[in-house]
Amino acid sequence: MSPIFRRKAPQDRLVTLIRKPGCHLCDDAQIVVEKVCGELGVPWEQKDISQDEELNRRYWEQIPVVLVDGAQHTFWRVSEERLRKALA
């Protein structure tokens, strides 16, 4: 028997915006994340690489980075359409 694939409900997803202070691309990304997550009912959080050594080491060249359910979705520029598709 094959397992039945079930999509996660919006409230069971999590979008993480990894950013740093003074980053205009991060501000742009946050606007997209807030809009898409707000419309779809998906919770989101932000993390600051200046407050987390591991995140800084992993992502400092790619900021801002967006994770969906812990997996890297995109970096630098966030496409509203692409994020919406990933969460729908």
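Predicted model: local features only at pLDDT ≥ 70, side-chain atom pairs only at ≥ 80, totals over all residues.
Stop 1: Colour the strands. Four of them form an open sheet, and across it the order runs β2-β1-β3-β4, with mixed pairing. At the edges lie β2 (44-48) and β4 (71-75), each of which pairs on one side only. From one strand to the next, the twist averages 25°. As background, strands in a sheet pair through backbone hydrogen bonds, and the pairing is either parallel or antiparallel.

**Stop 2: β3 and β4.** Select residues 65-68, which make up strand β3; this strand pairs with β4 in the antiparallel sense, over four bridges. To see one place in this pairing, show Val65: opposite it, in β4, stands Phe75.

**Stop 3: the helices on the sheet.** Next select residues 24-40, helix α1. This helix packs on the sheet and touches β1 (15-19), β2 and β3, and its direction makes about 170° with that of β1.

**Stop 4: along α1.** Keep α1 on screen. How far apart are its end C-alpha atoms? They are 25 Å apart, which agrees with the 24 Å that the 17 residues should span at 1.5 Å a residue. Now show the side chains of Leu25, Cys26, Ala29, Gln30, Val32, Val33, Val36 and Cys37, the buried residues of α1. These buried residues pack against β1, β2, β3 and α3. An α-helix has 3.6 residues a turn, so residues three or four places apart point the same way.

For contrast, select Glu34, also in helix α1. From Glu34 to Glu45 the C-alpha distance is 9.6 Å, with the two residues eleven apart in sequence. Just after the helix comes Gly41, with a positive phi of about 75°.

**Stop 5: where α1 meets α3.** Show both helices together. Their axes come within 10 Å and cross at roughly 35°, and the crossing is right-handed. On the α1 side, select Val32, Val33, Lys35, Val36, Cys37, Glu39 and Leu40; on the α3 side, they meet Glu80, Leu83, Arg84 and Leu87. What kinds of residue make up this contact of α1 with α3? Seven are nonpolar and four are charged, with no polar ones.

Key. Residues numbered from 1 in each chain as written. Heavy atoms only, no water. Pairing = 2+ DSSP bridges. Helix = DSSP H or I, 4+ residues; strand = E, 2+ residues; numbered from the N terminus. Axes fitted to C-alpha atoms, helices over the stretch in contact; angles between N-to-C directions. Contact = heavy atoms within 4.5 Å. Left-handed = near helix turned anticlockwise from the far one by under 90°. Nonpolar A, V, L, I, M, F, W, Y, C, P; charged D, E, K, R; others polar. Expected span 1.5 Å × (residues − 1). Buried < 20%, exposed > 50% of the residue type's maximum accessible area, 1.4 Å probe, protein only.
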